[in-house]
Amino acid sequence: MQYSKLADVYDALESTTKRLGHVHIISEFLKNVSILDLGTTILLLEGRVFPRWDEREIGMASKMMLKAISVASGESKERVNSEWKKTGDLGTVSHNLIKKKKQHTLGSHELTVKKVLNNLRKLVTIEGQGSVDKKISLVAELLTSAKPNEAKYIVRTILNDMRIGVGEGSIRDAIVWAFFGKEIKVNYNKKENNVEMEDRENYNKYVDAVQRAYDITNDFA
């Protein structure tokens with residue numbers, strides 16, 4: 001699946017603070033994700049590279065990310081740092097600078113969710129002499145291929161700072177809405193931001209079942 005589709009969902013999630021709105025957006029999206037991409041997609045929706053039970057961390061600091069954005073955008077580190085001070089978010093900085101660059105280039109290679117996740121996982125394996133430069137190069141490669149909004153969320157994922165307000169409960173409920181819609185008969189009223197359902201007790205059974213599965217695996221993917 002194209003990473004741009006996931007980036008569009010991130011944008012939609014960031015545009016609302018309503019929890020039920022988040023659940024609706026994610027559930028509608030998950031309905032159309034292939035089984036082959038589902039695990040990867042849910043992990044990235046959580047802003048994660050590894051499941052919660054996996055203690056590995058990317059370990060890439062903001063200063064390293066600043067250098068990667070500089071390489072990908074062609075802007076000086078001083079310029080990137082200046083923009084960072086203005087916005088307080090390197091994701092937004094990468095969006096703005098990559099957008100400026102794309103206006104003067106032929107575009108980018110299309111990223112997939114698997115390509116993004118695989119590259120981010122590679123960061124964990126890079127160790128030893130020259131590892132910092134290798135990590136910066138790997139991230140810069142992704143950002144160079146990314147569209148502006150893709151770049152924003154790649155950076156935020158690496159820094160573990162998604163800023164889209166999606167918690168475990170929203171992911172759990174979105175799974176219920178997406179895959180058990182016929183059984184629970186839920187109708188989301190966007191205008192009123194409320195949920196209508198025929199049988200609350202039946203709905204809670206499905207929510208509890210998904211929650212139990214998560215408690216056992218510690219992995220929504």
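A: Begin with a cut-off: a residue counts as buried when its relative accessible area is under 20%, and as exposed when it is over 50%. Keep in mind that this is a predicted model.

Q: Is Ser27 buried or exposed?

A: Ser27 has a relative accessible area of 1%, so it is buried, since the cut-off is under 20%.

Q: Which residues does Ser27 contact, apart from its neighbours within four places in sequence?

A: Contact means heavy atoms within 4.5 Å. By that rule, Ser27 is in contact with Ala174, Trp177 and Ala178.

Q: In which helix is Ser27, and which residues of H2 are buried?

A: Ser27 belongs to helix H2, residues 19–30. The buried residues of H2 are Gly21, His22, Val23, Ile26, Ser27, Phe29 and Leu30. In general, an α-helix has 3.6 residues a turn, so residues three or four places apart point the same way.

Q: What do the buried residues of H2 pack against?

A: Their partners are helices H1 (3–14), H3 (35–45) and H10 (168–179), together with strand S1 (186–189).

Q: How is the length of H2 read?

A: Compare the span with the expected one. H2 has 12 residues and reaches 17 Å from its first C-alpha to its last, close to the 16 Å expected at 1.5 Å a residue.

Q: Now take Ile42: is it buried or exposed?

A: Ile42, in helix H3, is buried, because its relative accessibility is 3%. Leaving out residues up to four places away in sequence, Ile42 touches Leu30, Ile171, Ile175, Phe220 and Ala221. Leu30 is also one of the buried residues of H2.

Terms used. Residues are numbered from 1 along each chain as its sequence is written. This is a predicted model: local features need pLDDT of at least 70, side-chain atom pairs count only at pLDDT 80 or more; totals for chains, interfaces and linings use all residues. Side-chain values use heavy atoms; hydrogens and water are left out. Helices (H or I, at least four residues) and strands (E, at least two) are DSSP runs, numbered from the N terminus. Buried means under 20% relative accessible area, exposed over 50%, partly exposed in between (1.4 Å probe, protein chains only). The expected span of a helix is 1.5 Å times one less than its number of residues.
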